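Dear colleague,

Please find the structure below, handed over for your use. My findings follow it.

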Amino acid sequence: MAQNEYTIQADFQGSKEVVWEAITDFQSYDNWNTVLMMENNDQLEVGKKFKVTIIDEKGKQSQFKAQALTNEQYNSFSARQVMLGKWFFSATHYFIVAQKNESETTLTQTWRFSGILFRPFRKLIFNQLDRFNQMNDDLKEYLKANLRENVGNNG
């Protein structure tokens, strides 16, 4: 792993389409996601800016604007936050969804950083990003509950 990159990965039951629908349905985040909120870009329109809120384990919220960079439906999307220009601080967050096998999907989240502000705050930033493992746990529970609900409704 590069010194300016941070990656977490988790496996989920279900197809990549199911995982994709959950992570791109920003309006439903408040139903399951205790870490991240995203608003004002429900279609993941490339080039559009939107509001991001990160919630720490004590409930404290940090907000910033990000811009959608890519959207490859059912495969990946990315967004970037820039403060005062890329030379000062830039963080790009990639969400990559891949079918692992017939019943499992892997979600990889990677962040890439640049700018003079990153190096002195690297450890703090990486410690905060570790919180996204909780988001993965939240998503696992949400998908399990929806799977049970859908099986119950179809049976």
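Ile55 has Gln61 as its bridge partner in S4. Please note that the model is a predicted one.

Helix H1 (residues 16-24) packs on the sheet, where it touches S1, S4, strand S5 (76-83), strand S6 (89-99) and strand S7 (104-114). The direction of helix H1 makes about 150° with that of S6. Helix H3 (residues 118-129) also packs on the sheet, with S1, S6 and S7 as the strands it touches; the direction of H3 makes about 160° with that of S7.

As to the sheet as a whole, it is open and consists of seven strands in the order S1-S7-S6-S5-S4-S3-S2, with antiparallel pairing. Strand S1 (5-13) and strand S2 (36-39) each have a single partner strand and stand at the edges, so one side of each is left without a neighbour in the sheet. From one strand to the next, the twist averages 25°.

Is Ser78 buried or exposed? Its relative accessibility is 1%, and because buried means under 20%, Ser78 counts as buried. The side chain of Ser78 makes a polar contact with that of Thr70, at 2.7 Å. Neighbours within four places in sequence left aside, the residues in contact with Ser78 are Gln67, Ala68, Leu69, Thr70, Thr92, His93 and Tyr94.

Kind regards

Notes: Residues numbered from 1 in each chain as written. Predicted model: local features only at pLDDT ≥ 70, side-chain atom pairs only at ≥ 80, totals over all residues. Heavy atoms only, no water. Pairing = 2+ DSSP bridges. Helix = DSSP H or I, 4+ residues; strand = E, 2+ residues; numbered from the N terminus. Axes fitted to C-alpha atoms, helices over the stretch in contact; angles between N-to-C directions. Contact = heavy atoms within 4.5 Å. Buried < 20%, exposed > 50% of the residue type's maximum accessible area, 1.4 Å probe, protein only. Polar contact = N/O pair within 3.5 Å; in protein donor to acceptor, adjacent residues only side chain to side chain.
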